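Here are a few friendly notes to read alongside the model. Please keep the structure open as you go through them.

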Amino acid sequence: MQQLKAPRVIADLHAHRRAHTAADRPTPGLNRAATYLEAKQPYLDYHIALTLGWPIATGVIEGSCTTS
């Protein structure tokens, strides 16, 4: 997520959840995604990490980049 976009994404997830709830459609995935992002929001400042030269990757990327 780019700088300051996490709050917008979280708000959008909540808006979709409310719309689905109003239409009587369950949204467990939206709830889990919003809760996860809310909990991890302090760690989503990628622009700071990049500025400090910290590596940013995921387990999938790191796992595929190992040497044999």
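1. A residue is called buried under 20% relative accessible area, exposed over 50%, and partly exposed in between (1.4 Å probe, protein chains only). Thr27 is buried, with a relative accessible area of 10%. Thr27 sits in the loop between H1 and H2; helices here are DSSP runs (H or I, at least four residues), strands are E runs of at least two, and both are numbered from the N terminus. Beyond its neighbours within four places in sequence, Thr27 is in contact (heavy atoms within 4.5 Å) with Arg17, His20 and Thr21.

2. A word on the model: it is predicted, with local features needing pLDDT of at least 70 and side-chain atom pairs pLDDT 80 or more, while totals for chains, interfaces and linings use all residues. Numbering starts from 1 along each chain as its sequence is written, and side-chain values use heavy atoms, without hydrogens or water.

3. The protein has four helices and zero strands. Of its 68 residues, 12% count as buried.

4. Which residues form the largest nonpolar core? Ala6, Ile10, Leu13, Ala34, Leu37 and Leu44 do; such a core is a set of buried Ala, Val, Leu, Ile, Met, Phe, Trp, Tyr and Cys residues joined through side-chain atoms within 4.5 Å. Helix H1 (6–22) and helix H2 (28–40) each supply at least two residues of this core, and H1 gives the largest share, three residues.

5. Leu50 lies in helix H3 (residues 46–51). Leu50 counts as exposed because its relative accessibility is 57%.
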